[in-house]
Amino acid sequence: RIFSVLLLFIFTNSYSQDVVSSDIKSIEVLQFELIKKDTEFVKGQRLGINEYVDDYLSEYNNTGNVIAKYRLFPDTEPILLATYEYNKQNLLVKLTSYSVGTKKISSTTFYVYDNKNRISEEKFITEPNTVGFVNTIETYKYNTSNKDYECSRYVQNEENREFELRSIRFFKLDDKGNILQQLYYDPAKKENYQEGNDKFNSENKIIESQVKDDV
């Protein structure tokens, strides 16, 4: 028996070949066991939470933006994971995440954009007593002569509560906006520590990806 994952998409409104994102009200993604039966593969039973699956339900507004995401467990009501808010330009400005099963906010991410609608700051703020996460700020700087840009990541020190620069990522893009290279820089050691390179085909689909450490 071969084990794999099969995704089933269920749309709440009628489906047609010319559906656009604004026509979809919600999408369910369910994962099932994939079973080989003779020479064909068929859908088996739905995978449970012990299989580490991530079944979810996404809700959309009338402009095609996701406004809420729910975790789906077998035989239970959908559990709220996150809500999304947008500005007048349909750009995401606030993402609120919730602790699974508690309906309590675990963290909030705020997004700020420049006058060209490019992201300029991303601030991740956790709620008190949230375990495993720290507050961070990421700022973006764009090269005026081309599409390349960099992202500086600041992490809040738990002792003095100051935000300290921890890393910088440099992004190199092609003429179509595809990210060809990501270079990770450690400002404390003043050296690069990782490099990622991707290749794309004529349809802008990634065909090769490489990651090198200790560059």
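Strands β8 and β9 make a hairpin with five residues between them, and asparagine 117 in the turn has a positive phi of about 60 degrees. The model is a predicted one: local features need pLDDT of at least 70, side-chain atom pairs count only at pLDDT 80 or more, and totals for chains, interfaces and linings use all residues. Residues are numbered from 1 along each chain as its sequence is written, and side-chain values use heavy atoms, with hydrogens and water left out.

As for confidence, pLDDT (the predictor's own score for each residue, from 0 to 100) averages 85 over the chain, with 87% of residues at 70 or more. Residues 1-20 fall below 50, yet this stretch still has 47 contacts in the model beyond near neighbours in sequence; a contact means heavy atoms within 4.5 Å. Where pLDDT is low, the predicted coordinates should not be read in detail.

The chain has 15 strands and zero helices. Pairing requires at least two DSSP bridges between two strands. β8 (residues 105-113) runs antiparallel to β9 (residues 119-126) over seven bridges, with threonine 108 bridged to isoleucine 125. On to the next pair: β9 is also antiparallel to β10 (residues 136-142), this time over four bridges, and phenylalanine 124 has threonine 136 as its bridge partner.

A nonpolar core is a set of buried Ala, Val, Leu, Ile, Met, Phe, Trp, Tyr and Cys residues joined through side-chain atoms within 4.5 Å. The largest one has eleven residues, including Leu92, Leu95, Tyr111, Ile119 and Phe171. β6 (79-86), β7 (92-98), β11 (149-156) and β12 (163-173) each give two or more residues to this core. A second, separate core of six residues includes Phe32, Ala68, Tyr70 and Leu72.

Glutamine 156 sits in β11 and counts as buried because its relative accessibility is 13%. Its contacts beyond four places in sequence are Asn135, Arg161, Glu162 and Phe163. With arginine 161, the glutamine 156 side chain makes a side-chain polar contact at 3.1 Å (N or O atoms within 3.5 Å; within protein, one must be able to donate a hydrogen and the other to accept it, and residues adjacent in sequence count only if both atoms are side-chain atoms).

Methods
Buried < 20%, exposed > 50% of the residue type's maximum accessible area, 1.4 Å probe, protein only.
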